[in-house]
Amino acid sequence: MLESVENKNQFSETENDAFVMENESLIVEKLRSCVEDGDVTEARRLVSGIRPGISVRIDNWRRVLAEPKAAVGNPGTDEGLEEDSAWLENNAFKYQGKWVALKKGTLVGSHKSRIELHRSLEQSDKLAGVMFVRL
């Protein structure tokens, strides 16, 4: 069903726009599911087949899914990177298919959903200085 949004040659622009408006909630749920499953590439592919300006909700996803822009800034501290790498080498196999949050070589939390893990750490005031990794 969502595949037809990507194929701009199959339908006219008006038909695509109508399809998107009628199925906005399904499309948004599919985008959310892709991101939560770590498949940002698929979410970007879906949103790229939808013309901007049809849906505010989908345009918000388009903004969130946009390729990041790198800028040169102050050098980081690399604080905890070596410890985090060692933890991953020794423990990653136990957390396959999950997101882990590490801080200076210590596991701060894990969850299947990156969003839920972030939310949990934020609520418990443990978010500062955490590195997220999907295993």
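Two residues are taken to be in contact when their heavy atoms lie within 4.5 Å. By this criterion, in the predicted model, 45% of the contacts between residues at least 6 apart in sequence join residues at least 24 apart. The protein chain has 135 residues, of which 32% count as buried. Its secondary structure amounts to seven helices and three strands, arranged along the sequence in the pattern α-α-α-α-α-α-β-β-α-β.

Helix 2 spans residues 13-22, and its buried residues are Asn-16, Asp-17, Phe-19 and Val-20. Viewed down the helix axis, these buried residues fall within an arc of 160°, and they therefore line one face of helix 2. The face turned away from the buried side carries Thr-14, Met-21 and Glu-22, which are exposed.

The packing of helix 3 against helix 4 was examined next. Two packed helices are described by the angle between their axes and the distance between the axes. For helix 3 and helix 4 the angle is about 155° and the axes are 7 Å apart. Angles over 145 degrees count as roughly antiparallel, so helix 3 and helix 4 are roughly antiparallel to each other. On the helix 3 side the contact is made by Lys-30, Leu-31, Cys-34 and Val-35, which meet Val-40, Glu-42, Ala-43, Leu-46 and Val-47 of helix 4. The residues of this contact divide into seven nonpolar, no polar and two charged. Lys-30, in helix 3, counts as partly exposed because its relative accessibility is 35%. Lys-30 and Ala-43 are 13 residues apart in sequence, and their C-alpha atoms are 7.8 Å apart in space.

Side chains of opposite charge can pair when their charged atoms come close. In the pair formed by Arg-32 and Glu-29, the closest N and O atoms are 3.9 Å apart, which falls within the 4 Å cut-off for a salt bridge. An α-helix has 3.6 residues a turn, so residues three or four places apart point the same way. Arg-32 and Glu-29 are separated by about one helical turn because they are three residues apart in helix 3, which covers residues 24-36. Arg-32 is partly exposed, at 33% relative accessibility, and Glu-29 is likewise partly exposed, at 46%.

A salt bridge also joins Asp-59 and Arg-62, with an N to O distance of 3.4 Å. These two residues are three apart in helix 5 and therefore separated by about one helical turn. Both ends of the pair are partly exposed: Asp-59 has a relative accessibility of 23%, and Arg-62 has a relative accessible area of 22%.

In the salt bridge between Arg-44 and Glu-67, the closest N and O atoms are 3.0 Å apart. Arg-44 counts as partly exposed, at 26% relative accessibility, whereas Glu-67 is exposed, with a relative accessible area of 57%.

Leu-88 is located in helix 6. Apart from its neighbours within four places in sequence, Leu-88 is in contact with Val-100, Leu-102, Met-131, Val-133 and Leu-135. Leu-88 and Thr-106 are 18 residues apart in sequence, and their C-alpha atoms are 9.9 Å apart in space.

Backbone torsions were also considered. Most residues other than glycine have a negative phi, and most peptide bonds are trans. Lys-104, although not a glycine, has a positive phi of about 50°. Lys-104 is placed in the loop between strand 1 (99-103) and strand 2 (106-111) and is partly exposed, with a relative accessible area of 46%. Asp-125 is likewise a residue other than glycine with a positive phi, here near 55°. Asp-125 lies in the loop between helix 7 (114-123) and strand 3 (131-134) and counts as exposed, at 73% relative accessibility.

How values were computed:
Residues are numbered from 1 along each chain as its sequence is written. This is a predicted model: local features need pLDDT of at least 70, side-chain atom pairs count only at pLDDT 80 or more; totals for chains, interfaces and linings use all residues. Side-chain values use heavy atoms; hydrogens and water are left out. A salt bridge is a side-chain nitrogen of Lys or Arg within 4 Å of a carboxyl oxygen of Asp or Glu. Helices (H or I, at least four residues) and strands (E, at least two) are DSSP runs, numbered from the N terminus. Buried means under 20% relative accessible area, exposed over 50%, partly exposed in between (1.4 Å probe, protein chains only). The arc is that of the directions from the helix axis to the C-beta atoms. Axes are lines fitted to C-alpha atoms, for helices over the stretch in contact, and angles run from 0 to 180 degrees between N-to-C directions. Angles under 35 degrees count as roughly parallel, over 145 as roughly antiparallel, 65 to 115 as roughly perpendicular and the rest as oblique. Ala, Val, Leu, Ile, Met, Phe, Trp, Tyr, Cys and Pro count as nonpolar, Asp, Glu, Lys and Arg as charged, and the others, Gly among them, as polar.
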